[in-house]
Amino acid sequence: MSNCTNCSVGFFYFTSRGSACNECDEGHYADTPGTSDCKDCKRGQFANDTGHSQCDLCAAGFYAQLTGMSKCLGCGEAQFAASNGTSQCKLCPQVGAAKEPARAFAMCVGSVHCSPAVVVGTDSE
């Protein structure tokens with residue numbers, strides 16, 4: 001009679017690591033019990049610690065360009081990411097329009113300093 005181990009979600013079975021069930025590493029997850037390996041978080045997602053059963057979406061203003069990310073990166077200056085789960089930021093239409101990770105196109109436009117009588121459009125993407 002053999003003893004089988006059915007690891008719970010967030011864990012995988014890999015005998016060469018010593019113990020029967022091991023936590024998935026950062027940036028990885030196991031969403032089904034009894035798996036023998038963990039999956040990479042998809043682009044636009046992350047797992048910031050071990051033992052995840054699913055990955056979290058990057059918040060608006062942040063992105064994860066690669067698979068298997070343990071954290072999301074903030075959009076750079078003059079860039080924005082309008083929705084959760086973004087894998088890359090977009091450029092604001094005007095250089096230097098956003099000084100921090102912008103969560104929406106409107107944040108790019110809203111931080112532009114115009115001289116009097118100049119109107120900046122607020123068309124969303």
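The link of C41 and C55 is left-handed, with -80° about the S-S bond. This disulfide has an S to S distance of 2.0 Å. The model is predicted. A search of the whole structure finds five disulfides; three of them are described here, including the C41 to C55 link.

- C41 lies in the loop between β4 (39-40) and β5 (45-46).
- C55 lies in the loop between β5 and β6 (56-57), so the pair ties together parts that are 14 residues apart in sequence.
- Both cysteines, C41 and C55, are buried.

**The C7 to C21 disulfide**
- C7 is joined to C21, with 2.1 Å from S to S.
- The torsion about the S-S bond of C7 and C21 is about -95°, so this disulfide is left-handed.
- C7 sits in the segment before β1 (11-13), while C21 belongs to strand β2 (residues 21-23).
- The pair therefore ties together parts that are 14 residues apart in sequence.
- C7 is buried, at a relative accessible area of 0%.
- C21 has a relative accessible area of 28%. Buried means under 20% and exposed means over 50%, so a value in between counts as partly exposed. C21 is thus partly exposed.

**The C58 to C72 disulfide**
- The sulfur atoms of C58 and C72 are 2.0 Å apart and form a disulfide.
- Its S-S torsion is about -85°, so the C58 to C72 disulfide is left-handed.
- C58 is in the loop between β6 and β7 (62-63), and C72 is in the loop between β7 and β8 (73-74).
- The pair links distant parts of the chain, 14 residues apart.
- C58 is buried, with a relative accessible area of 0%.
- C72 has 17% relative accessibility and also counts as buried. The cut-off for buried is under 20%.

**Chain layout**
- The chain has 10 strands and one helix.
- Along the sequence, the pattern reads β-β-β-β-β-β-β-β-β-β-α.

**Burial, contacts and surface**
- The chain has 125 residues, and 30% of them count as buried.
- Among contacts in the chain with a separation of 6 or more, 32% are between residues 24 or more positions apart.

Key:
Residues numbered from 1 in each chain as written. Predicted model: local features only at pLDDT ≥ 70, side-chain atom pairs only at ≥ 80, totals over all residues. Heavy atoms only, no water. Disulfide = S-S within 2.5 Å. Helix = DSSP H or I, 4+ residues; strand = E, 2+ residues; numbered from the N terminus. Buried < 20%, exposed > 50% of the residue type's maximum accessible area, 1.4 Å probe, protein only. Contact = heavy atoms within 4.5 Å.
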